[in-house]
Amino acid sequence: MRQKIYVTRAIPRATIEALEAEHDVTVNGDDRALSPEELGRNVAGCAAIVSLLTDRIDGALLDAAGPNCRIVANYAVGTNNFDVPSATERGVALTNTPGVLDDATATHTIALMLAMARRIPEAERFLREGRWDGWKPMFFIGADVDRKTLGIAGAGRIGRNVARKARGFDMEIIYSDVAPNQAIEDETGARFVSKDELLARSDFLTLHVPLVPETHHYIGADELGRMKPTAILINASRGPVVDEKALVEALRERRIWGAALDVFEKEPVLAPGLIDLPNVVIVPHIASATEETRLQMGEIVSRNVLAVLSGKQPDCCINVEALTRRSATRAAL
Ligand code: DGY
């Protein structure tokens, strides 16, 4: 039976077509994040919602969708926009797109590291402004990356991928996480260290932790104060993992050498002063934005949605209990 699917924002056409082959699909044509009220109105009566990390999926939204809603499929690997208990309670499966954006995000992390270390955006701005008057030896002096110490906070799939890529620069890799991770150690020779050691020893510190209450402001004024004055901080995880106001202060006072940021605490708004600093590279949350990755994310989303709507288990469910809860409720009816 054809069912109603709502897609909260334009995503690759191939994904929409895969869904349309079996169901009735409506896509938010405005290409902007909708308010909770608008979303609530648009999802009413839908069996599936394809959401983005900018859509808060909580009990109120699921109630607005109604009892037919069986799945919310995030077009993202991150799941911090989900209120998981509320969905599980209502028997709504929540899915994400793990794996397919690891390479793109890790490559982007390395690009950010290089861009900041070699001051590429700053030098490019200088050139474009017509200010270059010729070669000088003491001009745009950056930092070497080769054989430096790379600190990785969070040794999940993306953190490990960054470590593998960084081996090409013969970097010493240290990492911190809630527990040691054998895979990163076997693959890259990375060494598990405490957060204190990570902060004190990293020449480059890159963040790959999920955003959960424990990692909110994982890097704040105190942590920035414990980093080397020559250190570069890289964040392509989630903005609120860094206290952006404290980072602006630290960069302004040159307590660390620089930062390269793909994500921000209150996207799309940046902390006051951040945009004016020369020692920061800032890009608008594009770590996974490659043609190939976006298509693969879409394939996972459509597979997840079609599976659930035909009564099968999706591949990437983060709350499998929701599926059991729904079948138990149906059996009881
Ligand atoms: C994700 O998937 O979580 C990224 O941050 C957006 O593509």
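The axes of helix 1 (residues 13-20) and helix 12 (residues 291-309) come within 8 Å and cross at roughly 15°, where axes are lines fitted to C-alpha atoms, for helices over the stretch in contact, and angles run from 0 to 180 degrees between N-to-C directions. The model is a predicted one, in which local features need pLDDT of at least 70 and side-chain atom pairs count only at pLDDT 80 or more, while totals for chains, interfaces and linings use all residues. Residues are numbered from 1 along each chain as its sequence is written, and side-chain values use heavy atoms, with hydrogens and water left out.

**Helix 1 and helix 12**

- Helix 1 and helix 12 are therefore roughly parallel to each other (angles under 35 degrees count as roughly parallel, over 145 as roughly antiparallel, 65 to 115 as roughly perpendicular and the rest as oblique); helices here are DSSP runs of H or I with at least four residues, strands are runs of E with at least two, and both are numbered from the N terminus.
- The contact (heavy atoms within 4.5 Å) involves Ala14, Thr15, Ala18 and Leu19 from helix 1, and Leu295, Gly298, Glu299, Val301, Ser302, Val305 and Leu306 from helix 12.
- The residues of this contact divide into 7 nonpolar, 3 polar and 1 charged, with Ala, Val, Leu, Ile, Met, Phe, Trp, Tyr, Cys and Pro counted as nonpolar, Asp, Glu, Lys and Arg as charged, and the others, Gly among them, as polar.

**Helix 5 and helix 7**

- Helix 5 (residues 102-117) packs with helix 7 (residues 157-166) at an angle of about 55°, their axes lying 9 Å apart, and that makes helix 5 oblique to helix 7.
- On the helix 5 side the contact is made by Asp102, Asp103, Thr105, Ala106, Thr107, Thr109 and Ile110, and on the helix 7 side by Arg157, Ile158, Asn161, Val162, Lys165 and Ala166.
- By class, 5 nonpolar, 4 polar and 4 charged residues take part in the contact of helix 5 with helix 7.

**Domains**

- The domain assignment, whose bounds come from an automatic or database source, gives domain 1 (4-100 + 291-332) and domain 2 (102-282).
- The C-alpha centres of the two domains lie 33 Å apart, and their contact takes 8 residues from domain 1 and 5 residues from domain 2.
- About 550 Å² is buried between domain 1 and domain 2, with carbon and sulfur atoms giving 46% of that area; buried area is the accessible area (1.4 Å probe) that two parts lose on being put together, summed over both.
- Leu53, Asn80 and Gly99 supply 59% of the area that domain 1 buries against domain 2, more than any other three residues.

**Backbone features**

- A cis peptide bond, with omega about 5°, joins Glu267 and Pro268, and Pro268 is found in the loop between strand 11 (258-261) and strand 12 (280-282).
- Phe140, a residue other than glycine, has a positive phi near 45° and is placed in the loop between helix 6 (120-128) and strand 6 (149-153).
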